[in-house]
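Please look over the sequence and structure below. The briefing that follows goes through them topic by topic.

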Amino acid sequence: MRQTFLAPAVRDSGRLGWDDMDIAISPNNPVPMYQQIVDQVRAQILSGELKPGDPLPSIRKLAADLLASVITTKRAYADLEAEGLIVTRPGLGTFVADLSLEDIERLKAREVIGHLANAVEEGRSLGLEDSEIAELLQNVLDGRVNYG
Amino acid sequence: MDDAVLQLCKISKAYPGFELKDVSFELPRGYIMGLVGPNGAGKTTIIRIMMNLARADSGQAAIFGLDNVAHETEVKRRIGYVPENHNFYDDMTAGWMARFVRQYYPTWDQNYFDALAARFEIDLGKRAGALSKGNRAKLSLALAMAHRPELLILDEPTSGLDPVVRRELLAELLDFMGDGERSVLFSTHITSDLDRVADYITIIVDGRIHDSDEKDALLEKARKDEPTASIEDIVILAARGEK
């Protein structure tokens, strides 16, 4: 059974920017817990829910909120920082990086291209012509999809 | 490891029919370690040796870098210990138990204890013997945490508790970790508690250390073969002797 745990919306008033944060992670998900945090924070930054300069909770605070281990949370922040999505300013805390609109568009495109590339590869491996794959994509875009 | 809060070095102890053999592991400061293994694997014996409630036949335990036998009083003042069976004076009230315990701890913080008791909804006027199982576990944890120890040693703290209370206790533990100066050693056979909160896992089977590593590293290794492997699966494989 899949278990999730929602971060409590506001457990104390000292938090900034994170109060609306909504992360759900599960130890039963085969995706490692740190990766679940990375994916969800990245999605929130790219979708604009988190804005450049927004403060993020400390590693230990986030670990306590998510009921995750400190090492897991540390690794998630390290990966997000390596991706250039967040920055840690010593003594001040961790913030969403100062990404320009172009940066965000480029990152969004990279994210989507990754998924599309997988779909294309899957289609080719099943023997579909590229034109057929393109047609299927158009069908999906048009909402004309029959999964049956 | 330069800042190990706990270091066991080749601890051995033989009882009739049971042997703890060359147990070594380290817990770095600021992290939570789960000590897991089947019943009878030796978890409680290891903890009792750390607390100097049992003597090792050989080997050393250093806590905060100090020998735990030679510096017993100092070491114990900086530890919070929750034994497997909560030992209360059942005819006395929970509040009396707090006043009893506090006299042994110069760093006891009464405000913190009161805050914990309020958060745990423990009725301090109630006889300890009349508390529910969940409230006994919570009182035991509050008594162990109130002097703000650097190391909490918990022997099966969640055993016999319902999932709601277990979640509350785990959240409280993570809160307690605070600034990274505090550490927790947590023995349990309910490994799902550790899937979330443990930084390190030490697996003990049949009196011997099977593995001691970062939880994420252990899971990653196991999930190469089985994508949904949990700590429980790892322990079961270890107990079956499949290395």
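**Helix over sheet in chain A**

Helix α3 (residues 70-82) of chain A lies across β3, β4 and β5 of chain A and runs at about 110° to β4(A). Axes here are lines fitted to C-alpha atoms, for helices over the stretch in contact, with angles from 0 to 180 degrees between N-to-C directions. Contact means heavy atoms within 4.5 Å. Helices (H or I, at least four residues) and strands (E, at least two) are DSSP runs, numbered from the N terminus.

This is a predicted model: local features need pLDDT of at least 70, side-chain atom pairs count only at pLDDT 80 or more, and totals for chains, interfaces and linings use all residues. Residues are numbered from 1 along each chain as its sequence is written, chains are lettered from A and ligands numbered from 1 in the order in which they are written, and side-chain values use heavy atoms, with hydrogens and water left out.

**The sheet**

- The open sheet has three strands in the order β3-β5-β4 (chain A), with antiparallel pairing; two strands pair if DSSP finds at least two bridges between them.
- β3 (55-56) and β4 (86-89) of chain A are the edge strands; each has a single partner strand, so one side of each lacks a neighbour in the sheet.
- Two bridges link β3(A) to strand β5 (residues 93-96) of chain A in the antiparallel sense.
- Pro55(A) has Phe95(A) as its bridge partner in β5(A), and Leu56(A) stands opposite Thr94(A).
- β4(A) and β5(A) run antiparallel and are joined by four bridges.
- Phe95(A) in β5(A) also has Val87(A) standing opposite.
- A hairpin is formed by β4(A) and β5(A), with three residues between them; Gly91(A) in the turn has a positive phi of about 85°.

**Chain A overall**

- Chain A has five helices and five strands.
- Along the sequence, the pattern is β-β-α-β-α-α-β-β-α-α.
- Of the 148 residues in chain A, 34% are buried; buried means under 20% relative accessible area, exposed over 50%, and partly exposed in between (1.4 Å probe, protein chains only).
- Among contacts in chain A with a separation of 6 or more, 48% come from residues 24 or more positions apart.

**Glu111(A)**

- Glu111(A) sits in helix α4 (residues 101-125) of chain A.
- Glu111(A) is partly exposed, at a relative accessible area of 33%.
- Not counting residues up to four places away in sequence, Glu111(A) touches Arg42(A) and Leu46(A).
- Glu111(A) and Arg42(A) are 69 residues apart along the chain, with C-alpha atoms separated by 9.8 Å.

**Nonpolar cores**

- The largest nonpolar core has 54 residues, of which Phe113(B), Leu143(B), Leu152(B) and Val184(B) touch the most other members.
- Helix α6 (residues 163-177) of chain B gives the most to this core, with eight residues.
- A second, separate core of 33 residues includes Leu6(B), Ile11(B), Ile47(B) and Tyr200(B).
- A nonpolar core is a set of buried Ala, Val, Leu, Ile, Met, Phe, Trp, Tyr and Cys residues joined through side-chain atoms within 4.5 Å.

**Interface of chains A and B**

- In chain B, 24 residues are in contact with 26 residues of chain A.
- The two chains bury about 1900 Å² between them, 50% of it on carbon and sulfur atoms; buried area is the accessible area (1.4 Å probe) that two parts lose on being put together, summed over both.
- Leu174(B), Arg196(B) and Asp216(B) lose the most area on the chain B side, together 33% of what that side buries.
- One salt bridge is found across the interface (a side-chain nitrogen of Lys or Arg within 4 Å of a carboxyl oxygen of Asp or Glu).
- Glu220(B) forms a salt bridge with Arg75(A), with the closest N and O atoms 3.5 Å apart.
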